[in-house]
Amino acid sequence: MKYRMVTANRLADGACVWMDGDGGWWTDINKAKWTPETGLEALLAQAADGVKNCLVVAPYPIEVVVDGGVTPVRFREQVRAKGPTVTPSA
């Protein structure tokens, strides 16, 4: 079954993060809150607080499949969930 969740980038370091049900932001997508389409408005309103409090930038909804874990539907979001695709140089 497909659900929605909210993702953004953390303002402090640019990391990809996902919002939990309490307005917290996690780098682990499995700690985030997912909801049916009908609950998306509430999550987006809560995400706006993260922007206002300078925690995240540009939150937006993504579609995910929940089946023993959370998997984004779009390839772009799958890459974001798995972490950087390059190793930073020292």
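Does Cys16 count as buried, exposed or partly exposed, and at what relative accessibility? In this predicted model, Cys16 has a relative accessibility of 22% and therefore counts as partly exposed.

## Cysteines

A disulfide is a covalent bond between the sulfur atoms of two cysteines. The structure holds zero disulfides. For Cys16, the closest cysteine sulfur is that of Cys54, and a bond is ruled out because the two sulfurs are 19 Å apart, which is too far. A disulfide would require the sulfur atoms to lie within 2.5 Å.

Cys54 is exposed, with a relative accessible area of 54%, whereas Cys16 is partly exposed.

## The sheet

Five strands form an open sheet in the order S3-S2-S1-S4-S5, and their pairing is antiparallel. The edge strands are S3 and S5 (70-72), each of which pairs on one side only.

Strand S4 covers residues 56-66 and pairs with S5 in the antiparallel sense over three bridges. Val64 has Pro72, in S5, as its bridge partner.

## The aromatic pair

The structure holds one aromatic pair. Its members are Tyr3 and Trp34, whose ring centres are 4.6 Å apart. The angle between the planes is 55°, and the pair is tilted. The pair links distant parts of the chain, as its residues are 31 residues apart. Tyr3 belongs to strand S1 (residues 2-10), while Trp34 is in the loop between strand S3 (25-26) and helix H1 (40-52).

The two residues also have their own accessibility values. Tyr3 counts as buried because its relative accessibility is 14%, and Trp34, at 36%, counts as partly exposed.

Methods:
Residues numbered from 1 in each chain as written. Predicted model: local features only at pLDDT ≥ 70, side-chain atom pairs only at ≥ 80, totals over all residues. Heavy atoms only, no water. Phe/Tyr/Trp six-rings, centres within 6.5 Å; stacked < 30°, edge-to-face > 60°. Helix = DSSP H or I, 4+ residues; strand = E, 2+ residues; numbered from the N terminus. Buried < 20%, exposed > 50% of the residue type's maximum accessible area, 1.4 Å probe, protein only. Pairing = 2+ DSSP bridges.
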